[in-house]
Amino acid sequence: MNDVIIKNIGSLLLPKKTDKALKGAEMDELTIVEDAIVVVKDGKVVYAGAKTDDYEAKSTIDAEGMVVSPALVDPHTHVVHGGSREHEAALKRQGVDYLEILRQGGGILKTVEQTRAASEQELFDKASKNITRMIQHGVLSVESKSGYGLDKENELKQLKVSKVLEESFPIEMKHTFLGPHAIPKGRESEEFLDEMIALLDDVKDYADFADIFTETAVFSVEQSRRYMEAANEKGFKVKIHADEIDPLGGLELAIEQNAISADHLVAASDEGKSQLKDSDIVAVLLPGTTFYLGKNEFADARGMIDGGGAVSIATDYNPGSCVTDNLQMIMAIAGLKLKMTPNEIWNAVTVNAAKAIGSDRGTLDAGDDANLVIWDAPNHEYIPYHYGVNHAHTVMANGNVVYTRPGLIW
Ligand SMILES: N=CN[C@@H](CCC(=O)O)C(=O)O
Ligand SMILES: [Zn+2]
């Protein structure tokens, strides 16, 4: 006997199951079944498709005509950190730019101080609140970066907390070592980079990926190449924060180094974007960051998709450049500012986001783990349209309901 049937689904979203991320025109293809059901047994999808009487189950959930999709995947976050930086928000509004704040010892370096000062328990308690909100917003897979320790003890502390979060919540997490995220005060960049390269051996058991911030006044393309080559040699899959502010050629480097994703890409060159088509890399765009930093130029998602590339989107949740853990908000900005279509947006937060972090999630085919969301919306286009609010009604992780929307108590 099956465990549960979700019946009366108005629109069931079924992103295509593939080995590689969806590219170019494929990104606008999304199977939507109206009047559908999903059947679950032992935490797995038995059937997801058009309504049929062929299945029986111990219990039913009435979706009352709502939308059902795979649970969302957030492929770029900095969720484990100490403190907060609300004091910098005012500086940014006065026109002091993000890299200038970093040069003055603020920005990432401020969060490094706060993270070093926090215990594992304090970091866990703080990040638990973010993870809880992410689940409530329909996200069940989260990539989590270190990068606020910048030394062995504190980078390992962040990565350990990330692992404990994964063990403590009904989610999948991928963990990324981002030791070369900033240069600590008083340190010389080459020598610090050597230290981070040596650290790769120590973090091997805790990290799925090795990442670097390639940017003016942070790490150059040459330094990033040295780091990525070392990480590749040690068996890491590599990621890169590339071309966020200045067009340094980080995307071309990512392709050369066979990175699983290149992230940000606001200032990526036309040459780099044209290479996406023939590579397996996923461009992870972070439009919430451009929005929060008050910039007018957004990443060229249209150029990347129309040129045949694979695109995903993420929150980039962090305490400085994008302070939201609501991926639905990012879906809205992707429509408004990246000019992505609703189908492209849904593929970007499901299958393509999963590919960007080496996860097999993001689909709801028979045999998949039953990770899904019932959305209180009349159709899938409505969710990025009605922005800034949470449309998740019910979230199911491995066949168990882990969140249902509370009502008013009055
Ligand atoms: N740009 C570099 N790293 C983060 C921001 C980190 C911070 O400001 O604390 C990002 O991806 O946006
Ligand atoms: Zn980042």
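This is a predicted model: local features need pLDDT of at least 70, side-chain atom pairs count only at pLDDT 80 or more; totals for chains, interfaces and linings use all residues.

Q: How many helices and strands does the chain have?
A: Let's start with the overall build. The C-alpha atoms fill a box of roughly 70 × 45 × 45 Å along the principal axes. As for secondary structure, the chain comes to 15 helices and 16 strands.

Q: What is the radius of gyration of the chain, and how does that sit with the globule rule?
A: For 410 residues the globule rule gives 22 Å, and the chain's own value is close to that, so the chain is as compact as a globular protein of that length. Buried residues make up 53% of the chain. The radius of gyration itself is 21 Å.

Q: Among contacts between residues at least 6 apart in sequence, what share joins residues at least 24 apart?
A: Here a contact is a pair of C-beta atoms within 7 Å. Pairs at least 24 apart in sequence account for this share of the contacts between residues at least 6 apart: 74%.

Q: Which strands stand at the edges of the open sheet of 8 strands?
A: The order is S6-S7-S8-S9-S10-S11-S12-S13, with parallel pairing. An edge strand has a single partner, so one side of it is left without a neighbour in the sheet.

Q: In S9, which residue is the bridge partner of phenylalanine 177?
A: Strand S8 (residues 172-177) runs parallel to strand S9 (residues 209-210), and 2 bridges join them. Phenylalanine 177 pairs across to S9 with alanine 210.

Q: Where does UniProt place the feature "binding site"?
A: The record here is an unreviewed entry. The positions span 241 residues in sequence, yet no two of their C-alpha atoms are more than 12.3 Å apart, so they gather at one spot. The residues named in the record are His76, His78, His241 and Asp316.

Q: Is histidine 76 buried or exposed?
A: Histidine 76 is found in the loop between strand S6 (72-74) and helix H1 (86-93). Leaving out residues up to four places away in sequence, histidine 76 touches Glu143, Asp263, Val284, Leu286, Ala314 and Asp316. The cut-off for burial is 20 or more other C-beta atoms within 10 Å. Histidine 76 has 30 of them, so it is buried.

Q: How many C-beta neighbours does histidine 241 have inside 10 Å?
A: Histidine 241 lies in strand S10 (residues 237-242). Its contacts beyond four places in sequence include Asp211, Phe213, Asp263 and His264. Histidine 241 counts as buried, and its number of C-beta neighbours inside 10 Å is 28.

Q: What is the count of buried residues in H1?
A: H1 is hardly covered. Just after H1, glycine 95 takes a positive phi of about 100°. Among the 8 residues of H1, the count of buried ones is 0.

Q: How many residues around ligand 1 are polar?
A: The shell holds 13 residues, and the closest are Ile108, Phe213, Asn318, Gly320 and Ser321. Of the shell, 3 are nonpolar and 2 are charged. The polar count is 8.

Q: How far apart in space are tyrosine 403 and glutamate 222?
A: Tyrosine 403 lies in strand S16 (residues 400-404), and with 19 C-beta neighbours inside 10 Å it counts as partly exposed. Tyrosine 403 touches Ile135, Gln136, Ala392, Thr394 and Val395, residues up to four places away aside. Glutamate 222 is 181 residues away in sequence, and the C-alpha to C-alpha distance is 46 Å.

Conventions
Residues are numbered from 1 along each chain as its sequence is written. Chains are lettered from A and ligands numbered from 1 in the order in which they are written. UniProt positions are given in the numbering used here, feature names are shortened, and annotations may be inferred rather than shown by experiment. Helices (H or I, at least four residues) and strands (E, at least two) are DSSP runs, numbered from the N terminus. A residue is buried if 20 or more other C-beta atoms lie within 10 Å of its own, exposed if 12 or fewer, and partly exposed in between; C-beta atoms are placed from the backbone. Two residues are in contact if their C-beta atoms, placed from the backbone, lie within 7 Å. A residue is near a molecule or strand if its C-beta atom, placed from the backbone, lies within 6 Å of it. Ala, Val, Leu, Ile, Met, Phe, Trp, Tyr, Cys and Pro count as nonpolar, Asp, Glu, Lys and Arg as charged, and the others, Gly among them, as polar. The radius of gyration is taken over C-alpha atoms; the globule rule is 2.2 Å times the number of residues to the power 0.38. Two strands pair if DSSP finds at least two bridges between them.
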